[in-house]
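The sequence and the coordinates are shown first, and the description follows.

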Amino acid sequence: MGRRVLVTGLNTFWGGRVAQTLEADPDVEMIVGLGVDEPTIELERTEYVRADQSYSILTRIVKATQVDTILHTFLVVDSTRMSGRQLHEINVIGTMNLLAAASAADSPVRTLVVKSSGLVYGSTYQDPAWWREEMTRTHPPKTRVERSLVEVEGYLRDFAEDNPHVCVTLLRFANVLGTDIETPITTALQLPLAPSILGFDPNLQFVHETDVVRSIEWVMQNQVPGVFNVAGDGKLPWSEVAAMCDKRTFPISPVLTGWAAAPLSALRIVDLPPELLDLLRYGRGIDNRRLKMTGFEYRYTSAGAVESFAEASRLRRTVGETRPSYRYERDVENFFRHSPAVVREPAP
Amino acid sequence: MPAPENRVDEATVADVSTSGGALVPLRRPTQAEPPADPRRSDVDEWGRSENMRALARALYGPIYRNWFRAEWEGLEKIPREGGALLVANHAAAIPSDAPVIMHGIEEELGRPVYGLAEHLFKALPVVGTMWSRVGGVAAHPENAYRLLREQRQLVLVFPEGTKGTGKTYNERYHLRRFGRGGFIEIAMRAGVPIIPIAVVGAEESMPIAFKIPAIGKALGLPYFPVTYNQLLLGPLLGAVTYFPAKFRLRVLDPVSFDVPPDQERYSKSRIMDEAENIRVALQENLFDMLRRRQSVWFG
């Protein structure tokens, strides 16, 4: 019997991507996607449930679908997308409920993968050049998104301790670049001038969106418990990142940087949250060797991820949006999945 | 610049355990091509750029040769390959010893030297970036370990730290406390020898007349000096001009520790003993060099 998988945040970039990848995996028997909104990419066999992250619903879903695997991709790491309160609600409360549902008596869940971020290490001048998984940040988190992720990881540790029969994997990702993802960094790199902080040119590390999805699938298939950093090899200075994207940099004041960057966000040019300003000042490197030792092979280095993004944005500049737009139609999707009129391939 | 060992073979996969449980060896897929790495600059993972370093050497060469007229003794004791921790005495309001040592070794041995410095450097705009481009690295034990053990580089450290550079002129050539001996522990853990270097000349290149603690505190600096250079040449020119003191550098015999590397902890008393031994050796050699020195300016 194949795997039965629950993916959270189906309507988000990562949930959608992960579900799409799982559909191609013959070992995955069934995929349930949880989302607060309709999926934004086309999915073949994923069952979409519109649900918030409340505990009672989650428990019912887990029980009813008998999922053995949960891929928790719905952790918000981009604080520009919503208010701090909303973010806390999704990250902390949502995860807490999910973990509670997964650890309920006679829960069928045996594998849990959580997508966290290198943000949990922070970015200060006292940091080492490379973070290993067992190291802890040098300063307490200042921003809401960092605080929420640190809290989530705490819950997850407790969960792993209380549920030794569940294979718990926590993945911490470097900043993601690629052909499709949109983050404050991609916005910044698509401006006529890429913002930088005057006098600072930190080394940054990136991971390609393909490697993000592949690593989630990899740890699920291979059952590797523990904490893993996921990031492309090598680091490169921000000025080089900008140059690869054919941009010059525009320096922001190194003192009162938050104030200096505020007009950019007020004018809707680019929203540079405090954690990103710290990154543009001090950079961050996370050691990716532990995941490699499990046999995972990256397709992109940090520079490779930047190059891939640069090529995609050059193409976009010339021909506009290349991906076909997709709108979810509930009736159509249900028809294809469940109508006896549709001739379906026998289940893999 | 050798990259850290990234590819692992099957044998090592089984050795690693993680916080979440032991890893099992996995079937490795057929080795794919290593991913392309389209880099444009030569800035390495530490922020050092060999191009920038070469430019800095070209600019600094005349100062090294004609201003400080640096002369080395025992340079052959520094290994041409493999990691080693270079340890020197530290002086001058804006330290002049680090550039001299790094320049001299890179020119003579043709291998990079990474200079460990106070984290504060990283927080300074422009200066911090320049410092890292020419081989400066924040003095985090983790950074030192990686450079020494995994990348087998030369690393320079001043165990006195800012206590050494913050000395006033009347305290010159009296070594300060060697921290808590962290540098010994790093060398032990990395399994590399320590090579002490005694430096004469830096003390007189930018001696501190007095310090103004209130300003230092307000600016968050370890000390705020007023140097003789400033008293003589004015506050601005004096802040950037060294006196042409003659530099003499003596490389002492490498010190190896007969302990296994990669241990969780090492004997504290052993560490303090070794640190004190090195401090005494440096201090004695400094006094010996000063006994032979006839002139501050001509050596």
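In this predicted model, buried residues account for 49% of the 348 residues of chain A. The secondary structure of chain A consists of twelve helices and 13 strands. Its C-alpha trace extends about 60 × 50 × 40 Å along the principal axes. A compact globule with 348 residues would have a radius of gyration near 20 Å, and because chain A has 20 Å, the two agree. Of the contacts in chain A between residues at least 6 apart in sequence, 80% connect residues that are at least 24 apart.

**The contact between the chains**

Chain A meets chain B through 43 of its residues, which are in contact with 35 residues of chain B. Five elements of chain A that each give two or more residues to this side are listed below.

| Element of chain A | Residues |
|---|---|
| β11 | 226-230 |
| β12 | 236-237 |
| α7 | 238-244 |
| α10 | 289-293 |
| α11 | 302-319 |

The largest share, four residues, is that of α10(A). By residue class, the side of chain A that touches chain B holds 21 nonpolar, eleven polar and eleven charged residues.

**A sheet in chain B**

Chain B contains an open sheet of seven strands with mixed pairing, in the order β3-β11-β8-β4-β7-β5-β6. The edges are taken by β3 (71-73) and β6 (136-138) of chain B; each has a single partner strand, so one side of each has no neighbour in the sheet. On average, neighbouring strands of this sheet are turned by 25° against each other, with direction ignored.

Strands of a sheet pair through backbone hydrogen bonds, in either a parallel or an antiparallel manner. In chain B, strand β5 (residues 113-117) pairs with β6(B) in the parallel sense, over three bridges. Ala117(B) is placed opposite Ala138(B) of β6(B). Helix α8 (residues 182-190) of chain B packs on the sheet and touches β4 (84-88), β7 (154-157) and β8 (194-200) of chain B. The direction of α8(B) makes about 165° with that of β4(B).

**Confidence**

How confident is the predictor, and where does pLDDT stay under 50 in chain B? The mean pLDDT of chain B is 88, and 89% of its residues reach 70 or more. Over residues 1-21 of chain B, however, pLDDT stays under 50, and for these residues the model has 39 contacts beyond four places in sequence. The scores of the model are ipTM 0.87 and pTM 0.88.

Methods:
Residues are numbered from 1 along each chain as its sequence is written. Chains are lettered from A and ligands numbered from 1 in the order in which they are written. This is a predicted model: local features need pLDDT of at least 70, side-chain atom pairs count only at pLDDT 80 or more; totals for chains, interfaces and linings use all residues. The radius of gyration is taken over C-alpha atoms; the globule rule is 2.2 Å times the number of residues to the power 0.38. A residue is buried if 20 or more other C-beta atoms lie within 10 Å of its own, exposed if 12 or fewer, and partly exposed in between; C-beta atoms are placed from the backbone. Two residues are in contact if their C-beta atoms, placed from the backbone, lie within 7 Å. Ala, Val, Leu, Ile, Met, Phe, Trp, Tyr, Cys and Pro count as nonpolar, Asp, Glu, Lys and Arg as charged, and the others, Gly among them, as polar. Two strands pair if DSSP finds at least two bridges between them. Axes are lines fitted to C-alpha atoms, for helices over the stretch in contact, and angles run from 0 to 180 degrees between N-to-C directions. pLDDT is the predictor's confidence in each residue, from 0 to 100.
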